[in-house]
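Please consult the sequence and the structure shown below while reading.

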Amino acid sequence: MPLRRRIFLTVALFGAVAVAALVLAPMVGSAPISLRRVFDRSIPFTDNPDAQIFFISRLPRTLAAALVGAALAASGVVFQALLRNPLATPFTLGVSSGAALGAMLAITFPVSLAFAGVSTVPIASFAGALGAVAIVYFLSTVRRHGLSTTVLLLAGITLNAFFSSLILFVQYLADFSQTMRTVRWLMGDLDVGSYAPILAALPFLLAGFAVFAWLPRALNLLTLGADAASARGVDVVRTQRLAFFSASLATGAAVSLGGPVGFIGIIVPHLVRLLVGADHRLVLPASALFGAAFLIGCDVAARTLIAPMVLPVGILTAMIGGPFFLWLLIRRG
Amino acid sequence: MRSLVQLATAAALIAAVACARPEASGSRPGAQPGAPQRIISIVPAVTEMLFAIGAGPQVVAVSSFDTWPADALKLPKVGALLDPDIEQVIRLRPDLVIVYGAESELRAKLGRAGIKTYPYVMGGLANLTKTMRDLGRQVGRAAEAEAAAAAIDARFDAIRRRVAGRPKPRTLLVFGREPGSLRAIDASGGVGFLSDIVELAGGENVFGAVKRESVRVGTEEILAARPQIVIDLHYGRDLAPDQIDRERDAWKSLGSLPAVREGKIAILVGNQFVVPGPRLVDAAEAIADVVHPQWRSGR
Amino acid sequence: MLQAADVTFAYGPGKAGLHGVSVDVPGGSLVGILGPNGSGKTTLLRLLGGMLTPASGRITIDGRDVSRVPRRQLARQIAVVAQETRLAFEYSVLEVVLMGRYPHLGAFELESQDDVVIAREALAATGTLNLEDRLFPTLSGGEKQRVVIASALAQAADLMLLDEPTAALDPGYQIEIATLLRRLNAERGVTMAVATHDLNFAASICDRLVLLRAGHVLAAGPTADVLTRETVRALYDVDADVRFHEDAGHLTVVPLRRTRREA
């Protein structure tokens, strides 16, 4: 089948799944609501709990889940291509530990960074993420021209270790409830409660996605090796920089929106490759769409399984991710 | 650096006590002979209880998270639940150490050093005066403890009596959330002293059916619960009036809540609401003021 | 066609590199770049392919400075076969070969049927058409190398640079690759420069040789002139017997003993 048709079919199929998830998810939840009442214009909004549940609770968190899932899955694909390693995740290079440090500092110390309807913790975690990205990039380019992926990996691992120790130190200064709240944040939470945090994260996510649209062919070549890619016309350094920054930006925005939700950045690319092959022109869009649907599904489970309590969505992704990897390991072995 | 300060503090303390030695134990005013004179309390709630029953002079060190009373803050600090400074505890030569009941390892260590421990187990509201009385016996202040406990019991009873028979408004009690937004909301479930206070104050805890102390809920669950009263606890630091307004405004986005429509969102500040010590009765009265504003003028 | 003129390059201060190296790869020739490990063969190849920029001197293709040619255009003129190709993901053989067509595609253009036809032709030329749908990582060493050569062929470039194409292969595959390269050069007119430390392999296919030692050109010219007992000794510190082998049809080199290094 010619590539054009395969791309079209893949995007259509995964797109349908994502759209279905987007439409169905706001219809389910821990509280029974009537869709008729939700869309009944004659009832004023503040008198309509069903509509408030739909438009304030469910719809924003479904949209957030879609964006975070798409961003983490797509970033996972890009990082795996950049580092030429299918085990890389969006968190391998330190973005999420920077975000975690930012969030923890905001939770532990009383400082207000609220801006444009977005509260302090998301802004602090985004700042932490950007800081981590800057440090990793600086470390990996300080010795030679160009971006060595080995040095990048080492810088990321080093930063993860360093930030983790800082987090432990802050934890030492924090009291019990602050520590508990930070641990909860680390497990992910998509209850944004309004559209403001989504709108705030959107420009960064869109910027990341825009670059993702341009990357797939270059990423294919990059997996052959830097020299082989260069010999086939790819500007390797530029591609690596674009891949690194776009994926880091998307990851940073996603983590500040919903916390560092694990496993999506590695399960989804793997699953998608099993279904569509290795060509990034299929894998990247399919992963973004599937990641959105997947996280929407996990979020629905998180908010209905032990109602009225809400499970952190990261627990769900971990419960699915763990057995998935076991299966992968057995299958390969 | 920290250990240097600890060392200096311990040295100064030992020197001071050594100089005071001749007065010997058991001669502090009020305490019965043979009662512990060098009490260390790692549990903030119990520290407050000790001072409330008059055993303040017998306390020589407190936890790092103690905030009340002012006298307690002047005492040396020996860490807290997660990292008590065992060396310093031993150096201070206590004759009674108050620990959390779950800290079995710590108790064993102190036991090996020949130090007596008192295990504190947090329970519901009824546990407060019961513990105070028990503590009174342990530290030779039985009479004062009885008086203090009885006074607190009387105040609790007063609330209970005066709200009896009134309709119970659906009450949401939130004790933790992200400042300025409605994310990461921790609400009180049907277990624990906060839930007991809501019930005592004549309210119906909207998440009372959940048999847990703390319930993480989302905006959907709150909208579905339709609370008529929202009590939003803030502690750890003082809030300026404009900050209190901002926190109250955070609830405005859930416009369909009866509590929002009727303006019954209470931002209560102070850690007397979260430390299960003698100030809990002040907390209970403050919460009763929100749930049944007319209760004080009742029977 | 491809020339290096007095090129100097070093990876870093104090590191070994190339000094004043001049190489000529005439159109239609099959040039071997011979030398021990560390002599700069791979570096020279990367310079010739435009992946590195010389500190001084020029690399020109058909007279044009390689560093001035846009990357994609250069990829249509020069194809490079690296020493080892380790794919991070499981691409099919056809996908790998189609990657050679990328230099011919516009920014968001997809491969057309024509591109697929060219890719299949390249596979056929290297005898690997039957492997088209196999996953690349599942191939044997010799098969992988032939597919990579096919990928380079699909680039439809006039020039091919190969870095140690037989280094990891056993004798059977070595002969296969040697035969393939000779055929591509003779029948399709692909100009080639092959970096190798394998003297016999170079002798079997190359019509010209460049001998590199410690970043300098020891000798360059037609194989028969350049490959002698003396040059082998100077290059490898090995006393070897160099003679024409009737059965093989080319010069062969048999190492006999190590000689002492001259200061």
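Predicted model: local features only at pLDDT ≥ 70, side-chain atom pairs only at ≥ 80, totals over all residues.

## The nonpolar core

The largest nonpolar core has 278 residues, and those that touch the most other members are A:L67, A:V68, A:V78, B:A284 and C:V97. Helix α3(A) gives the most to the core, with 20 residues. Chain B takes part through both domain 1 (4-153) and domain 2 (167-291), each of which supplies at least three residues. In soluble globular proteins, nonpolar side chains tend to be buried together.

The surroundings of C:V97 can be listed. Apart from neighbours within four places in sequence, C:V97 is in contact with C:A119, C:A122, C:L123, C:V147, C:A150, C:S151 and C:A154.

## The contact between chains A and B

How many residues does the contact take from chain A and from chain B? Chain A provides 32 residues and chain B provides 28 residues. On the side of chain A that touches chain B, the elements giving two or more residues are α3 (49-82), α5 and α7 (176-186) of chain A. The largest share of this side, six residues, belongs to α3(A). By class, the residues on the side of chain A that touches chain B are 13 nonpolar, 11 polar and eight charged.

## Two packed helices in chain A

Two packed helices are described by the angle between their axes and the distance between the axes. In chain A, the axes of helix α4 (residues 95-108) and helix α5 (residues 120-141) come within 6 Å and cross at roughly 145°. The crossing of α4(A) and α5(A) is right-handed.

Residues of α4(A) in this contact include A:V95, A:G98, A:L101, A:L105 and A:I107, while those of α5(A) include A:V121, A:A124, A:G128, A:A132 and A:V133. The contact of α4(A) with α5(A) comprises 13 nonpolar and seven polar residues, with no charged residues.

## The residue C:R101

In chain C, the loop between α3 (93-98) and α4 (113-125) holds C:R101. Is C:R101 buried or exposed? C:R101 counts as buried because 22 C-beta neighbours lie inside 10 Å.

Leaving out neighbours within four places in sequence, C:R101 is in contact with C:E111, C:D115, C:I118, C:A119 and C:A154.

Notes: Residues numbered from 1 in each chain as written. Chains lettered and ligands numbered in written order. Axes fitted to C-alpha atoms, helices over the stretch in contact; angles between N-to-C directions. Helix = DSSP H or I, 4+ residues; strand = E, 2+ residues; numbered from the N terminus. Left-handed = near helix turned anticlockwise from the far one by under 90°. Contact = placed C-beta atoms within 7 Å. Nonpolar A, V, L, I, M, F, W, Y, C, P; charged D, E, K, R; others polar. Core = buried A, V, L, I, M, F, W, Y, C linked by C-beta atoms within 7 Å. Buried ≥ 20, exposed ≤ 12 C-beta atoms within 10 Å, placed from the backbone. Domains from an automatic or database assignment.
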